[in-house]
Amino acid sequence: MRINKFIANSGYCSRRSADLLLENGKVFVNGKVAQKGLDVSQEDEIVVEGKKISLEKEKRYFLLNKPVGYASTLKDPFEDKVVVDLIESKERIYPVGRLDKDSFGLLLLTNDGDLAFKLTHPSHNVEKEYIVKVDKTLKESDLKKLSNGIMLEGKITRKARFEIFDFKNNMAKVFLKEGRNRQIRKMFKTLDYEVVSLERIAFGKIKLGNLKIGNYRELNREEIEYLRSL
């Protein structure tokens, strides 16, 4: 098994994060600095950032209604509040993708490195659904522009759906397959809107439902199989 996959399957971090750790010389195999692409097995002694790791026996899958103010990351010396602190789990889990600190709503967390890698890879096109409130009256013409794609940081955004949700309260529904950093906020900003609040309510067919902010639940078998089928 490739070293980055082993690290991800251990639940330590995602495969992409494992690659960064390898590039920075933070991974040792049998006492030697590991290189990307190295094949390893359970017989090898693998140490990541000073901690010996092994493969997880049980895969866990959680859905969290993330509150505002929590960073979608593992332990971080620069963040007082991180999402993993909200979930009681013996296994080391990490977020599937990100939901920015100022946003709230549905966030998946797991120790299944392969699934996390697959779900966050651009080729899988998982549609996420959001409810967005802005600071002024929404124009249908502006939502059409956003839906068709706009130039953002030198690259055209992919086609999406921006629809009026609550005209009186300046709220829209957004259906997005891309996942650039703070993308929805930046897209509205290009048309002089400020996002007041942003909530993710669905990840593909996985729905937030009536789960209260700060609470979490484990995914059921049907939901897990759905994610694996994507």
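Residues are numbered from 1 along each chain as its sequence is written, and side-chain values use heavy atoms, with hydrogens and water left out. Because the model is predicted, local features need pLDDT of at least 70 and side-chain atom pairs count only at pLDDT 80 or more, while totals for chains, interfaces and linings use all residues.

**Helix 6**

Helix 6 covers residues 221-229. Helices (H or I, at least four residues) and strands (E, at least two) are DSSP runs, numbered from the N terminus. Which residues of helix 6 are buried? They are Glu 223, Ile 224, Tyr 226 and Leu 227. Here buried means under 20% relative accessible area, exposed over 50%, and partly exposed in between (1.4 Å probe, protein chains only). Seen down the axis of helix 6, the buried residues fall within an arc of 160°, so they line one face of the helix. The arc is taken from the directions from the helix axis to the C-beta atoms. On the other side of helix 6, Arg 221, Glu 222 and Ser 229 are exposed.

The buried residues of helix 6 pack against several elements, among them strand 5 (61-66), strand 7 (104-110) and helix 3 (113-120). Contact is defined as heavy atoms within 4.5 Å. At the start of helix 6, a side-chain oxygen of Asn 220 comes within 3.1 Å of the backbone nitrogen of Glu 222.

**The cavity**

A search of the whole structure finds one cavity of 30 Å³ or more. A cavity is a set of points, on a 1 Å grid over the protein atoms alone, where a 1.4 Å probe fits but cannot get out; lining residues have an atom within 4 Å of a point. The largest cavity has a volume of about 40 Å³, where volume is the space filled by probe spheres set on the points, and grid points are joined across faces, edges and corners.

Leu 227, one of the buried residues of helix 6, is also one of the residues that line the largest cavity. Strand 5, strand 7 and helix 3 each supply at least two lining residues, and strand 7 gives the most, with three residues. The lining divides into nine nonpolar residues, one polar and no charged. Ala, Val, Leu, Ile, Met, Phe, Trp, Tyr, Cys and Pro count as nonpolar, Asp, Glu, Lys and Arg as charged, and the others, Gly among them, as polar.

**Loop residues**

Glu 178 lies in the loop between strand 12 (171-176) and helix 5 (183-190). Arg 182 is placed in the loop between strand 12 and helix 5, Asp 192 in the loop between helix 5 and strand 13, and Lys 139 in the loop between strand 8 (128-134) and helix 4 (140-148).

| Residue | Relative accessibility | Class |
|---|---|---|
| Glu 178 | 9% | buried |
| Arg 182 | 31% | partly exposed |
| Lys 139 | 52% | exposed |
| Asp 192 | 58% | exposed |

The side chain of Glu 178 reaches the backbone nitrogen of Arg 158 at 2.9 Å. A polar contact of 3.3 Å joins the side chains of Glu 178 and Arg 180. A polar contact is a pair of N or O atoms within 3.5 Å; within protein, one must be able to donate a hydrogen and the other to accept it, and residues adjacent in sequence count only if both atoms are side-chain atoms.

Most residues other than glycine have a negative phi. Arg 182, not a glycine, has a positive phi of about 50°, and Asp 192, also not a glycine, has a positive phi of about 70°.

Conventions. 1 Å grid on protein atoms, 1.4 Å probe; cavity = no way out; pocket = protein on both sides within 12 Å on 5 of 7 lines; lining within 4 Å.
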